[in-house]
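Let's walk through this protein together, from the overall picture down to single residues. Keep the structure open beside you and click along as we go.

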Amino acid sequence: MWESVAGKRFRIGYALSPQKISTFMKHSLIIHARDRGVDFIQIDLTKPLIEQGPFDCVIHKLYDAEWKKQLEEFSLKSPTTFIIDPLNAIDKLQNRVTMLEFVNELKIQNLGTPLQVFVSDESSEALQDAMTREGLKFPVIAKPLIADGAANSHQMSLVLNQNGLTKLDPPIVLQEFVNHGGVIFKVYVAGDHVKCVKRKSLPDINEEKLNTSSSENLISFSRISNFAPQNQSDRESYAEMVEAMEMPPLSFVNEVASRMRDALKLRLFNFDMLRDSRIGTRYLLVDINYFPGYAKAPEFETMLTDFFIDIAHKKRSRESGNLDQMENKMMEADSNGNDL
């Protein structure tokens, strides 16, 4: 039986780009949330935020300075409104160098990160020197430094050899490519609610395949099918292998999600994990995204609505606490014969 918000309806203001609205504000989510007492109200970005509302909660995925200023002003005016998520916490995920630094500090057994190095120099010699210094070997994955949700922040490439380095455009992050059975585990987090799904990923690359691909030095992820099985029989076998891939233990996924949520101070995010083929019980966390595409997760409507109802309860507790404080002050003033 689904839990609903009792009494006053819970109002969520959302400030999202047009593209994000189209992928997040699905009709199925709006209806499911509405039936359980949760309403979504679009924030008018042409008007000051402090003149809009009232909102019980604000969700957002905008990064410009004007929005940040407005959100800070609104937070001061409406201290009991939940802002999801804090601006300073989101900023940590916009840089791929700092994004994964905290993972090893969590000291979770069987969880690590791939080797990676940041390079700002445009010369291929500097790129190769950086790889050598960090112990990186080909192939490597080239990722843009900034991960702000813009289209170019997702433009990644598989670099097969030194010649491929000459086609890169630093500043850039080079990340170790690890064979992982062609499957990536995407974990969606919304507060205490967690879902893990598996998706087809880059196929494993052996020395023979690397050598026979010498005609190509760098392959964009959009053309990565060049490494996928070419004939129908092999493609079917590959699909069956992906389907048969065992999911990570649920207890492990939940522990990682919980520890990351506390460390990042974020409520809406997802992360990508690989199972390291070299050590079958070891997982590598390779990427983290703020406010991801939840519609790709099964039953995302229920997951998100459950999360918003949790926030509704916390909002009412916060308001109750403020009222208690005011009543205590009034009682103290009365006992002292003073006015507040």
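What you're looking at is a predicted model, where local features need pLDDT of at least 70 and side-chain atom pairs count only at pLDDT 80 or more, while totals for chains, interfaces and linings use all residues. Residues are numbered from 1 along each chain as its sequence is written, and side-chain values use heavy atoms, with hydrogens and water left out.

Now for the overall build. The secondary structure comes to 10 helices and 14 strands, taken as DSSP runs numbered from the N terminus (helices are H or I with at least four residues, strands are E with at least two). Of the 340 residues, 47% count as buried; buried means under 20% relative accessible area, exposed means over 50%, and partly exposed is in between, using a 1.4 Å probe and protein chains only. Look at contacts (heavy atoms within 4.5 Å), and among those between residues at least 6 apart in sequence, 71% join residues at least 24 apart.

Next, the annotated spot. UniProt, in an unreviewed entry, lists Asp272 and Asp287 under "binding site". A word on that record: its positions are given in the numbering used here, feature names are shortened, and annotations may be inferred rather than shown by experiment. The two residues are spread over 16 residues of sequence, yet they cluster in space, with a largest C-alpha distance of 5.3 Å. Of the pair, Asp287 is included in the lining of the largest cavity. On a 1 Å grid over the protein atoms alone, a cavity is a set of points where a 1.4 Å probe fits but cannot get out, and lining residues have an atom within 4 Å of a point.

Where does Asp272 sit? You'll find Asp272 in strand S13, residues 268-275. Asp272 counts as buried because its relative accessible area is 6%. Setting aside residues up to four places away in sequence, its contacts include Ile184, Phe185, Lys186 and Asp287. The side chains of Asp272 and Lys186 are also joined by a polar contact of 2.9 Å. Such a contact is a pair of N or O atoms within 3.5 Å; within protein, one must be able to donate a hydrogen and the other to accept it, and residues adjacent in sequence count only if both atoms are side-chain atoms.

Leaving aside neighbours within four places in sequence, Asp287 touches several residues, among them Arg96, Met99, Lys143 and Asp272.

On to charge pairs. Side chains of opposite charge can pair when their charged atoms come close. Counting a salt bridge as a side-chain nitrogen of Lys or Arg within 4 Å of a carboxyl oxygen of Asp or Glu, the model has 12 salt bridges. One of them joins Lys68 and Asp91, with the closest N and O atoms 3.5 Å apart. That pair links distant parts of the chain: Lys68 is in helix H3 (residues 65-77) and Asp91 in helix H4 (residues 87-91), 23 residues apart. Lys68 is partly exposed at 22%, and Asp91 is partly exposed at 34%.

Another salt bridge brings together the side chains of Arg267 and Asp85, at 3.8 Å from N to O. Arg267 lies in the loop between helix H9 (250-264) and S13, and Asp85 in the loop between strand S4 (82-84) and H4, so the pair ties together parts that are 182 residues apart in sequence.

Finally, some backbone details. The peptide bond from Gly53 to Pro54 is cis, with omega near 5°, and Pro54 is found in the loop between strand S2 (38-42) and strand S3 (57-60). The bond from Phe138 to Pro139 is cis as well, with omega near 0°. Phe291, although not a glycine, has a positive phi near 50°; Phe291 is in the loop between S14 and helix H10 (300-336) and is buried, with a relative accessible area of 0%.

Note on methods: On a 1 Å grid over the protein atoms alone, a cavity is a set of points where a 1.4 Å probe fits but cannot get out, and a pocket is an open set with protein on both sides within 12 Å along at least five of seven lines; lining residues have an atom within 4 Å of a point.
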